[in-house]
Amino acid sequence: MKLPTRYLPAKIRSAVRFFFVGTTGAVLQTWFFMAALTVMGEPDKGTVLYYIAFGIGYILEMIPNYFFSNWYTFNTKPSKKNAGGFLFARAINLVVQFGLLPMALAAFPSWRDDLISLFVIFIGGCINYLICLIFFKKPRS
């Protein structure tokens with residue numbers, strides 16, 4: 001399948017593709033987070049159960065994100081190297097997101113849970129992209 005982003009300059013192509021994959025991932029993660037909150041009986045913001053629900057959304061979103069990142073964002077095939085790099089980048093992203101979550105909850109106490117989630121995911125995603133660039137480069141022929 002030929003993708004419309006192939007017409008973009010090479011220097012910005014992966015960034016635009018990362019944005020699309022990241023947006024899909026953010027929606028999935030937020031949906032899983034909101035579903036987990038519902039199943040858990042809508043725990044209060046900032047409680048342990050709230051963070052567990054956020055973590056569930058994060059973990060469930062990682063699986064499709066890895067494959068979309070390979071296929072679409074970086075035009076690579078899954079490998080041990082990029083899987084390890086992806087997990088490393090995601091571990092850093094997890095720390096960033098869980099570090100930002102209490103700050104966002106404190107700064108925006110009246111925001112809905114889905115908006116808090118999307119805000120935190122967006123900031124973490126920007127950092128994640130920079131890290132992923134290192135591990136998803138195609139080997140030189």
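This briefing covers helix packing, aromatic pairs and selected residues in the structure above. The model is predicted. Helices H2 and H3 pack at an angle of about 145°, and the structure holds 13 aromatic pairs.

**Packing of H2 and H3**

- Helix H2 covers residues 48-73, and helix H3 covers residues 80-107.
- The axes of H2 and H3 lie 11 Å apart, at an angle of about 145°.
- The crossing of H2 with H3 is right-handed.
- In the contact of H2 with H3, 15 residues are nonpolar, 7 are polar and 2 are charged.

**Asn65 and Arg90**

- Asn65 belongs to helix H2, and Arg90 belongs to helix H3.
- Asn65 has a relative accessibility of 8% and therefore counts as buried, the cut-off for buried being under 20%.
- Arg90 is also buried, at a relative accessible area of 5%.
- Beyond the residues up to four places away in sequence, Asn65 touches Val21, Gly25, Phe86 and Arg90.
- With neighbours within four places in sequence left aside, the contacts of Arg90 are Tyr58, Glu61, Met62, Asn65 and Asn128.
- Asn65 is 11 residues from Phe54 in sequence, and their C-alpha atoms are 16 Å apart in space.

**Charges over rings**

- Arg90 lies over the face of Tyr58, 4.3 Å from the ring centre.
- Arg17 sits over the face of Tyr72, at 5.2 Å from the ring centre.

- Phe33 and Phe54 are both buried.
- Since Phe54 lies in helix H2 and Phe98 in helix H3, their pair ties together parts that are 44 residues apart in sequence.
- Phe54 has a relative accessibility of 0% and so counts as buried, whereas Phe98 is partly exposed at 26% relative accessible area.
- Ring pairs join Phe33, Tyr50, Tyr51, Phe54 and Phe98 into a cluster.

**Loop residues**

- Glu42 is located in the loop between H1 and H2.
- The phi of Glu42 is positive, about 55°, although Glu42 is not a glycine.
- Glu42 has a relative accessible area of 46% and is therefore partly exposed; exposed would need over 50%.
- Thr76 is located in the loop between H2 and H3.
- Thr76 counts as buried, at 16% relative accessibility.
- Thr76 and Met103 are 27 residues apart in sequence, and 36 Å separates their C-alpha atoms in space.

**Gly124 in helix H4**

- Gly124 is part of helix H4 (residues 113-135).
- The relative accessible area of Gly124 is 0%, so this glycine is buried.
- Gly124 touches Asn93, Val96, Gln97 and Leu100, apart from residues up to four places away in sequence.
- Gly124 and Gln97 are 27 residues apart along the chain, with their C-alpha atoms separated by 5.6 Å.
- Thr76 and Met103 have a sequence separation of 27 residues with 36 Å between C-alpha atoms, while Gly124 and Gln97, also 27 residues apart, have 5.6 Å.

**Met34 in helix H1**

- Met34 is found in helix H1 and is partly exposed, with a relative accessible area of 27%.
- Leaving aside neighbours within four places in sequence, Met34 is in contact with Asp113 and Asp114.
- Met34 lies 16 residues along the chain from Tyr50, with 9.8 Å between their C-alpha atoms.
- Tyr50 is one of the residues in the ring cluster that includes Phe54.

Definitions and conventions: Residues are numbered from 1 along each chain as its sequence is written. This is a predicted model: local features need pLDDT of at least 70, side-chain atom pairs count only at pLDDT 80 or more; totals for chains, interfaces and linings use all residues. Side-chain values use heavy atoms; hydrogens and water are left out. Helices (H or I, at least four residues) and strands (E, at least two) are DSSP runs, numbered from the N terminus. Buried means under 20% relative accessible area, exposed over 50%, partly exposed in between (1.4 Å probe, protein chains only). Contact means heavy atoms within 4.5 Å. Axes are lines fitted to C-alpha atoms, for helices over the stretch in contact, and angles run from 0 to 180 degrees between N-to-C directions. A crossing is left-handed if the near helix is turned anticlockwise from the far one by less than a right angle, and right-handed if clockwise. Ala, Val, Leu, Ile, Met, Phe, Trp, Tyr, Cys and Pro count as nonpolar, Asp, Glu, Lys and Arg as charged, and the others, Gly among them, as polar. Rings of Phe, Tyr and Trp (its six-membered ring) pair if their centres lie within 6.5 Å; planes under 30 degrees apart count as stacked, over 60 as edge-to-face and the rest as tilted. A charge sits over a ring if NZ of Lys or CZ of Arg is within 6 Å of the ring centre and within 35 degrees of the ring normal.
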